[in-house]
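This report describes selected features of one protein structure.

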Amino acid sequence: MVRILLSDHDEMNSMITEMILRNAGYEVLSVLPEFCIGELKSSRFDLLLLGISSVHGEGMPIVEWIRADASLQDIKIILLASATMKIDITNAYRLGVLDFIRKPALPEVVTQKVRDALQKTHKDVILVVDDDPGNLIAFTEILSICYSIRTASSGREALELIRREVPDLLLLDLHMPGMDGFEVMAALEEMDSARNLPVIVVTADDDADTAAEIFQHGAMDYLTKPVVMQVAIQRIRRILALSHFQNDLRDEIQQKNRDLVAANRRLQALSDQTIYALAGAIDAKDAYTNGHSRRVAQYSREIARRLGKSQYDQNEIYNVALLHDIGKIAIPNGIISKPGKLTDEEYRIIKSHTVRGYEILKNITVMPLLYIGARWHHERYDGRGYPDGKKGTDIPEIARIISVADCYDAMSSDRSYRKALPQSKVRSEIENGLGTQFDPEIGKIMIAMIDDDRDYRMCHSVNFAPAES
C-alpha cells in the first residue's frame, strides 16, 4: 500500500486531508513538521505532504534539510500552503518540490495532485536552446532538480539532438545567429517524430506582431526577456501537463481504434463463417452439386478481379455468390436430386428458389447486397430470365457476374442427370449466349478464363491469382 507522510501545524487541515487520503485508499501518518525528518529517516514513505506557513515555511528549511540528506533526496514532496501565502516558487522547484496544494482544497484536488505525483516515475526532458551561455546556465540551475535538462547553443545543434531523442518540451530562443527560432519550428513541422513537440519561445520582443507570428509557427506559449523564473516555471508545468494529457488522449484513441479494428475483424470472421456454413448447407442438399457455391463464388471473384474491381468489392461479390442458391434449402431433396426430367410443377418449384433466397437474405442489413445474387442470378441479358424478367444493365452487375459463373459451373460439373460437358462445348455455349443470356463484357471475361485454362482444370482447382487491392 502507498504510504504518505502528512506533516502540518494546521491541525484542522491535517485532520481533513488525512480523512480524504484514507478514503482514497492510502496509508497516512500525520506528524508535526519538527518530527518530519525523523519519521522519513526511520520508515519508508512514498510521498511527503508538507505544510508551510509564514512562521515555519520561510526558506522552507525542512525541504532544504531533506535535500541535503543523501538518503532522503528522492522523496517526492508536495507543499501545503494557505491560499494567501506567497511561496518562492523558483526556490521550491529548485529543491524538487513536485506540486502545491492551496488550503482549503477540495477532496478531488487533493487526490488528483497526490495521484499525479505518485505516478511521476521519471523526469520530463526539456531541451533549452539559446546562444547565450548565461541563459543556458540560469535555466539549467533552476530547472534541473525537477527536470532533465539538455542544452543547445544553436538551432542546428537543437535539431540534431531532437533527431536523436525527442524531448518533452522545447524552450527555444527566438533570435539566434545561423538559424532562428522560426526556422527551427518550421523544421520541426517536417519531422514526423517531433510534430507534436510543445514549444515555448523565449524572446526580448514583446510586440503583438511577434506574438502572433510565434503562435502561427506552432509554439504553445512564449516568455519575454528578462525571464521571470516564477512565471517560466508555472508555464512550463502547465504546458507539460497539457502535453501529457494530449498524449494520453491520443494513445487512448489509438487503442480504441485498435480495439475497434479487432472487433470488426472478429465480426467479419463471424460473418464469413456464418456464410460458409450456410453455403455448405446449400451444397449438402445434393451430392452432385457439392462445392458448387464455393466454386461459383471463386469464379465470380476472379471475374470481378479481371473487371478491375477493388479488393473490397471482390470479397463482397464472393460472399454474395456463396449464398446465391440459399433458396434451395426450401426445395424438397427429391426435386433437387431428381435424375430425370422435371415436370412443369417441379420446374416451377425449382425456379422459386430465387424468390425464397431473396426472402431469407433481404433483412440482413449488415450485408445489404447479399440478396442480389439470390434473386437475380437467373435473369437473362435479353430479358427472358426469371423471376422478374429484368433486362440488360437493369440486372445488377453482381447478378450478371454470378449468372455466367453459375452457368459455367453447371456445365463443367457432373449432375444427377448428365456428366460434365467437354470444355469446348462449355466455351461455345457461353459464346453463343453473349448478348442474349449473358452480359457480353462479362461473358467474354469468362471465355478468356476458359482459354487460359488449357488443361480444363479450373473446375477442379479454383485457386486463382490474388486479387489486386
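## Asp-99 and its surroundings

The side chains of Asp-99 and Arg-237 are joined by a polar contact of 2.9 Å. A polar contact is a pair of N or O atoms within 3.5 Å; within protein, one must be able to donate a hydrogen and the other to accept it, and residues adjacent in sequence count only if both atoms are side-chain atoms. The model is predicted: local features need pLDDT of at least 70 and side-chain atom pairs count only at pLDDT 80 or more, while totals for chains, interfaces and linings use all residues. Residues are numbered from 1 along each chain as its sequence is written, and side-chain values use heavy atoms, with hydrogens and water left out.

Asp-99 lies in strand β5 (residues 99–103); helices (H or I, at least four residues) and strands (E, at least two) are DSSP runs, numbered from the N terminus. Is Asp-99 buried or exposed? Asp-99 counts as buried because its relative accessibility is 11%, where buried means under 20% relative accessible area, exposed over 50% and partly exposed in between (1.4 Å probe, protein chains only). Leaving aside residues up to four places away in sequence, Asp-99 touches Ile-77, Ile-78, Leu-79, Lys-113 and Arg-237, contact meaning heavy atoms within 4.5 Å.

## Salt bridges

Side chains of opposite charge can pair when their charged atoms come close. The whole structure has 31 salt bridges, each a side-chain nitrogen of Lys or Arg within 4 Å of a carboxyl oxygen of Asp or Glu. One of them joins Asp-173 and Lys-225, with the closest N and O atoms 3.0 Å apart. This pair links distant parts of the chain, 52 residues apart: Asp-173 is in strand β8 (residues 169–173), and Lys-225 is in the loop between β10 (221–224) and α10 (229–283). Asp-173 is buried, at 3% relative accessible area, whereas Lys-225 is partly exposed at 30%.

Another salt bridge is formed by Lys-425 and Glu-429, also with 3.0 Å between the closest N and O atoms. Both residues lie in helix α18 (residues 423–432), four residues apart, about one turn of the helix. Lys-425 is partly exposed at 39%, and Glu-429 is partly exposed at 32%. Elsewhere, salt bridges that share partners join Glu-302, Arg-305, Arg-306 and Asp-452 into one network.

## The cavity

The structure holds one cavity of 30 Å³ or more. On a 1 Å grid over the protein atoms alone, a cavity is a set of points where a 1.4 Å probe fits but cannot get out, and a pocket is an open set with protein on both sides within 12 Å along at least five of seven lines; lining residues have an atom within 4 Å of a point. The largest cavity contains about 40 Å³ of space, a volume being the space filled by probe spheres set on the points, which are joined across faces, edges and corners.

Residues lining the largest cavity include Trp-376, Glu-379, Arg-400 and Asp-439. Helix α17 (residues 397–412) gives the largest share of this lining, three residues.

## The second largest pocket

The second largest pocket holds about 790 Å³ of space. Of its 24 lining residues, Asp-116, Lys-120, Asp-124, Ala-241 and His-244 lie nearest its centre. The elements that give two or more residues to this lining are α5 (107–119) and α10, and α10 supplies the largest share, nine residues.
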